[in-house]
Amino acid sequence: MNPEELDLISRDEAPILDTMRRIYSAVPVHHLAAIHGKIVGALAVADAIVDALPLIHGPVGCAFQRKLNPFNLSSTFYDTPCTNLNNVDVVYGAEEKLCKGVVEAYERYSPRLIIVITTCTTDLIGDDIEAAVEKAMEMVGCPVVYSTGDFVGRSRPVGIQDALYAVADQMICRNEVEKNEGSVNLINSPTQRNALKFQEMARLLTQMEIKINKICFDHTTTEDMMDLARADLNITGYRMPWAELMKEKMNVDYCKITGWDRYNKKKDPELISPYGIAGSCRFLEEIARIMGREGEAEPVIKKNRTATEARLEAASKELKGVKVAVPVGFSLNLLKDIGVDVAALVYRTQTLSHGLTERAVREIERANLSLAELYGFHPELLVNPTPDEELKTFRKLQVDLVMAPAKIAHFYNREGIRTVDVGDFTQKKLNVGFLPSIELCRVFREALGKAKVRSPLLDLMEFDGGISNLTPHWAKTALSFHHLRSKNFRDGYYYHFQGLAGVELNEHNI
Amino acid sequence: MSTIYDPLFDCKMVGALRAMHGINDCISIIHGRNGCHCGALLLQTLGSEQNSVRVLTSGLKASDEVYSGEERLSSAIRLADQVFEPKAIAVLNCSAPVIMGEDVEGLELLLEGETRSELVAMDVGGPEGPAWIGYEEALTKLVSRMRLNEDVPRGGINLLGFKADDLCSRGDLNEMKRILRDQGLPLNSVLCGSSFEEVKKAPQAELNVLLGGDGLDCAKAMEEEFDLPYISVPYPYGLKKSVQFVEMIGGALGREADPQILEMERERVKRTVERAHMFFQGIYSMPVAVVGESGRAFDLAEFLSSELGMDVKLLAISSSNFATPEKMTAKEAHYQKLMIEPDRWDMNRALEASGAALIFGSSFEKRIASELQASLVRVSYPVIDEISLSDLPFAGFSGIAHLCEKIINSILTRNKDEVKA
């Protein structure tokens with residue numbers, strides 16, 4: 001979408017939309033008891049480009065079942081045509097069918113972009129997708145790209161990263177592009193589609209005389225995607241191989257909002273988070289440097305910082321000294337801004353071990369503790385505590401507020417401890433800028449003012465002692481899932497399975 | 001004929017899963033890639049039985065596609081056996097391992113005796129067929145596990161074609177049990193909505209009863225193997241079909257249905273209608289569309305048309321069964337237009353043209369209903385955005401009140417201001 005359209009967006013503000021998202025938050029997908037496949041990720045990309053059409057090259061199940069959208073279970077993927085592969089196609093190949101399918105899809109749906117998504121079946125039978133797509137492209141009036149899941153290695157989520165890479169490689173990167181000099185693209189995840197999150201950042205950059213070329217993803221069209229190539233810089237939320245490709249092929253520079261690169265260079269814990277007043281100032285200065293606008297940026301940052309600090313001074317009065325238990329991973333910068341006391345840091349490493357080395361896991365711990373000390377917090381660190389250990393420590397420390405998602409809030413509430421769920425804040429507000437600190441202040445004040453929940457019905461149920469957000473049955477299901485997918489999988493490991501319960505995985509507080 | 005197809009039905013794996021997951025002490029292992037497992041798990045989880053989801057993955061990875069995933073699968077089977085202690089383990093071999101030539105039936109033989117639970121393995125690759133074939137094959141696969149004890153007299157009936165993951169299925173089953181019990185017709189086993197032990201004892205019944213024609217292959221196999229007769233009955237939506245349901249089953253067993261009980265049920269339905277008769281008058285002639293599986297949707301359309309007086313403009317059969325061809329050629333059609341397993345795009349155009357104000361369908365019809373500003377009554381599989389905790393049925397005499405209140409409320413509760421002129 002174009003930046004001037006930002007004011008038109010209001011649909012994401014309806015509280016029911018948050019509730020619709022939240023009601024599914026306890027469903028244990030996303031590496032807990034299941035992982036969606038690459039098709040769903042690619043469908044999420046096709047869905048985020050409003051005039052694009054996915055075409056699934058596979059059998060009917062891959063089209064029907066994948067209508068379920070694990071990124072947003074309240075909304076299914078609507079149009080999911082497929083090439084309806086059968087056993088004959090498996091034997092003789094389905095390239096011709098794919099070619100015809102692309103043409104038919106174009107004639108029927110009139111899309112501006114067709115994204116062909118391959119499936120296990122077509123990957124295994126070895127169809128030459130590229131050749132079929134090239135042939136079909138000669139017969140349709142829109143670009144056709146294909147995603148096989150093989151373009152981006154292990155960059156996650158593979159389906160999303162691969163489809164975006166395919167769009168960049170096969171469509172966006174081209175020779176003749178009229179540049180929009182001095183401009184940047186602001187890019188979030190196709191699964192979020194909330195340009196409002198960039199509203200303040202766009203305003204600040206504009207004040208720094210940096211133009212906004214495009215904001216993705218929110219009402220994003222194929223034309224918007226093509227126009228990404230016109231900017232000088234892509235600003236993305238996290239590592240995106242397609243942005244790296246644009247840097248390589250189109251000389252569009254690339255900057256990630258989050259990432260440990262900055263920290264790793266200097267081992268300075270203050271560089272961990274790009275959020276809050278301090279993190280945002282640093283990040284905005286970094287963008288200004290890349291764009292050659294340091295002079296323009298300085299007064300803008302200073303003015304906004306001063307104004308925010310003044311507002312926070314008044315807004316955060318009642319939060320001073322409030323003892324909070326915080327999961328490692330949440331920005332301590334923001335907590336410093338709102339004046340609470342981080343009394344406990346809870347570090348869940350089990351889910352991290354699937355993507356990070358042991359050394360990285362320890363480095364995160366060290367960096368967060370250093371940052372806490374730097375900010376004058378002296379938290380007690382709890383690494384993978386059992387629920388009982390956690391409660392005992394919280395009582396000892398006289399914790400007032402536990403940062404916990406709604407799905408496990410009852411566990412603390414029944415003990416008389418209040419909770420604050422920052423899920424909506426993280427989804428909708430957390431970004432580079434000064435307003436998120438003020439917003440977080442409001443969220444915490446509201447949480448402290450809420451009536452205490454004394455006897456939640458959820459307490460009638462038995463939850464697992466180890467994975468306390470799941471019932472014992474679901475905990476076993478989740479543990480089985482992790483065990484069976486383990487890299488160190490060996491036949492016979494299951495004999496130790498029961499002994500692993502409670503230490504293998506604990507989603508509490510994450 | 002089009003090359004592309006946006007299907008209203010799932011693949012063979014999900015049909016088999018629906019059958020096997022209905023056995024309440026059976027765990028299913030999806031031997032396939034992440035996406036197949038995730039989809040299968042979600043379909044079972046996003047409903048009203050979240051405390052009874054029994055779906056595992058074998059953890060098949062890309063590297064296994066080169067070196068074989070049979071070892072991984074055998075470990076998953078052992079894990080399921082030890083950790084969950086089920087009575088049966090269904091191994092569903094999905095597209096990738098089927099193409100790779102994984103021998104799951106061989107594995108079943110290999111592990112025989114090693115696991116405490118019985119293994120039921122089958123190939124359910126996506127390109128091999130639709131969900132309803134998977135459902136039929138899974139039920140048939142169970143026949144080899146059934147045992148007839150000649151020393152015990154036969155009695156009761158089996159219901160075949162029951163789908164435990166349909167919305168309100170628990171209520172439907174309770175209601176069917178009730179009305180059969182009232183007529184002195186006890187249930188023996190439900191395929192699939194029983195324990196594995198009860199499934200194995202299915203041959204002890206006097207009669208197999210197919211709901212809406214689902215489970216025919218299994219019934220034929222049981223007839224051949226155990227000399228057990230079968231009949232197909234309508235899914236008992238509404239008064240007429242509920243009476244038919246009782247009378248046909250009674251008739252097949254040579255027993256006449258108790259007219260007094262049926263009269264009491266009629267009287268109960270009458271009182272229901274009386275309580276909101278003005279709204280029943282109001283929905284008369286209303287243009288509606290029905291999207292659903294063959295084993296349910298034909299009977300639902302007939303109830304809506306013949307008993308509520310609704311004008312069924314379109315009946316779209318999302319998934320066939322062996323009885324579909326016969327139903328298509330029935331003398332009296334209770335719909336204006338019939339589509340069998342249409343492409344979703346074509347069906348949506350037909351829905352637009354139909355002028356239906358109310359759509360009876362699945363969660364996947366939510367958007368077209370919204371686009372057409374029609375109300376959506378969720379009755380067809382899959383329903384993933386509505387739950388049923390009160391165990392009220394759609395089926396049987398008691399189901400009439402529940403269905404009608406859903407229909408009427410779906411209209412009364414609409415906010416007129418949200419519907420554009």
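This is a predicted model: local features need pLDDT of at least 70, side-chain atom pairs count only at pLDDT 80 or more; totals for chains, interfaces and linings use all residues.
In helix α14 of chain B, a run of residues is buried, namely Ser294(B), Gly295(B), Arg296(B), Ala297(B), Phe298(B), Asp299(B), Leu300(B), Ala301(B), Glu302(B), Phe303(B) and Leu304(B). Because 11 of the 14 residues of α14(B) are buried, the helix is largely enclosed by the rest of the structure. An α-helix has 3.6 residues a turn, so residues three or four places apart point the same way. Helix α14(B) covers residues 294-307, and from its first C-alpha to its last it reaches 20 Å, which is close to the 20 Å expected at 1.5 Å a residue. After α14(B) comes Gly309(B), a residue whose phi is positive, near 75°.

The contact draws 66 residues from chain B and 63 residues from chain A. The size of an interface is often given as the accessible area lost when the parts come together. Between chain B and chain A the buried area is about 5600 Å², and carbon and sulfur atoms give 65% of it. On the side of chain B, the residues that lose the most area to chain A are Thr3(B), Ile4(B) and Phe364(B), which together make up 13% of what that side buries.

Between chain B and chain A, 19 residue pairs are counted in polar contact, with both residues of a pair at pLDDT 80 or more. Several elements of chain B each supply at least two residues to the side that touches chain A, among them the helices α1 (12-21), α4 (70-84) and α16 (344-354) and the strand β2 (55-57). Helix α2(B) gives the most to that side, with 11 residues. Two salt bridges are found across the interface of chain B and chain A. A salt bridge joins Lys67(A) to Asp6(B), with the closest N and O atoms 3.0 Å apart.

Within chain A, a residue to look at is Ser155(A), which sits in the loop between β3 (144-147) and α8 (158-172). Is Ser155(A) buried or exposed? Its relative accessible area is 9%, and since a residue counts as buried when this value is under 20%, Ser155(A) is buried. Leaving aside residues up to four places away in sequence, Ser155(A) touches Gln161(A), Arg239(A) and Pro241(A). With Arg239(A) there is a polar contact between the two side chains, at 3.0 Å.

In chain A, Cys216(A) and Phe217(A) are joined by a cis peptide bond with omega about 0°, and Phe217(A) lies in the loop between β5 (211-216) and α10 (222-227). In chain B, the peptide bond from Tyr381(B) to Pro382(B) is cis as well, with omega near -5°, and Pro382(B) is placed in the loop between β13 (375-378) and α18 (396-412). Returning to chain A, the loop between α1 (15-22) and α2 (38-48) contains His30(A), which has a positive phi of about 50° although it is not a glycine. His30(A) is partly exposed, with a relative accessible area of 37%. His31(A) lies in the loop between α1 and α2 of chain A, has a positive phi of about 80° without being a glycine, and counts as partly exposed at 31% relative accessibility.

Key: Residues are numbered from 1 along each chain as its sequence is written. Chains are lettered from A and ligands numbered from 1 in the order in which they are written. Side-chain values use heavy atoms; hydrogens and water are left out. Contact means heavy atoms within 4.5 Å. Buried area is the accessible area (1.4 Å probe) that two parts lose on being put together, summed over both. A salt bridge is a side-chain nitrogen of Lys or Arg within 4 Å of a carboxyl oxygen of Asp or Glu. A polar contact is a pair of N or O atoms within 3.5 Å; within protein, one must be able to donate a hydrogen and the other to accept it, and residues adjacent in sequence count only if both atoms are side-chain atoms. Helices (H or I, at least four residues) and strands (E, at least two) are DSSP runs, numbered from the N terminus. The expected span of a helix is 1.5 Å times one less than its number of residues. Buried means under 20% relative accessible area, exposed over 50%, partly exposed in between (1.4 Å probe, protein chains only).
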